[in-house]
Amino acid sequence: MKRRTFIKLSAISAAGMVLPLQLEGQAPAKPLLKPSTLITPNADFYILQIGNPAVLDAKNWRMAITGLIEKQPLSLGLADITAMEAVEAMRTLKCIGDPIGTEQMSNANWKGVRLRDLLEKVGPKPEAKVVVFRCADNYHTAIPLADAMREETLLAYEMNGVPLPTEHGFPIRLLNPGHYGTKNPKWIVNIHLAKAHESYWEKQGWDPIANVKLGTMIGTPSEGEEIIGGKIYTVSGAAFDAGHHGGIKKVEVSVDYGQTWQEAEIWAKDTPLAWVLWKWDWHVPAEANPVEIYARATANSGLIQDEIGIEVEPVGAIPYHMIDAKIVEP
């Protein structure tokens, strides 16, 4: 069934990724892939916050750990945190309000410390159930104490080998694996243990758990792109399950309205906490026609994306991505 019978949801690529024409006598152009690298450069990493980025001075910045704790509250500077045992990890972040296939998903190498190493210094009381993060831009959110104590939950101070850029949370941000950006706060100034907390976005009806859903995005072609018929075109993109379903097993592409699916090549990957990058070489028909390109992922658990794209909901979007393009004559 064609997508036009459903509510259309798509995003035009800001880069307008159109493959260059091959000139007579020249070697075939190298396919353009999007994303083109496993690691997103800092300058291209998506940015979203409730207001202007908080600009903090590392020399004067302090982060307090307070609340339902057995020991005295802590007040830490950046040097105190960077002196602790460091952890480096690749992690993908995705926005909970990101419609299918847009660019609010990025991947980076991070360096920081385990949050649990700090919490163990103060000793959470038995009645403490959540860890609340208050930030310099007045944002606040909470995660379950059990999630905070996971080995994978980090307080990051470096991004792709450099100190966190201001817009990405300098000097400290949370990396809470498996959860949308709403649960990965930036510019943290206070960590508070409590029995319960209603977070900023929860007050506006968004999902308090914010688990990332299995998702796939098409980077090439972009929406409305003209594709030369009779040639090979490389469809490409990324897929991510945030580790909830054992990672991505395979990605498939359909160019016949979902009647048949072709398996793509996964050409770059790390752990399930980072996206995978995929590509599929399409032998484009010679006839000029509109075309709808679908992509879906299958997780190692067996879960398959099988829903047509509709409006994003307060629990995150889950359908597979679809792109309208046009085959044109050479």
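My entries go from the whole chain to a single residue.

I note that this is a predicted model, in which local features need pLDDT of at least 70 and side-chain atom pairs count only at pLDDT 80 or more, while totals for chains, interfaces and linings use all residues. Residues are numbered from 1 along each chain as its sequence is written, and side-chain values use heavy atoms, with hydrogens and water left out.

**Whole chain.** I looked up the secondary structure and found three helices and 19 strands, taken as DSSP runs numbered from the N terminus (helices H or I, at least four residues; strands E, at least two). Of the 330 residues, 50% are buried, that is, under 20% relative accessible area with a 1.4 Å probe, protein chains only. Among contacts (heavy atoms within 4.5 Å) with a separation of 6 or more, 72% are between residues 24 or more positions apart.

**Strand 17.** I followed strand 17 (residues 276–283), which runs antiparallel to strand 13 (residues 232–240) and is joined to it by eight bridges; strands pair if DSSP finds at least two bridges between them. Here Tyr233 stands opposite Trp282. Strand 16 (residues 265–268) is also antiparallel to strand 17, with three bridges, and Ala268 faces Leu277 across that pairing.

**Leu175.** I then turned to Leu175, which lies in strand 9 (residues 173–175) and counts as buried because its relative accessibility is 1%. Beyond its neighbours within four places in sequence, I find Leu175 in contact with residues including Arg91, Trp110, Glu152 and Leu154. Leu154 is 21 residues away in sequence from Leu175, and their C-alpha atoms are 5.1 Å apart.
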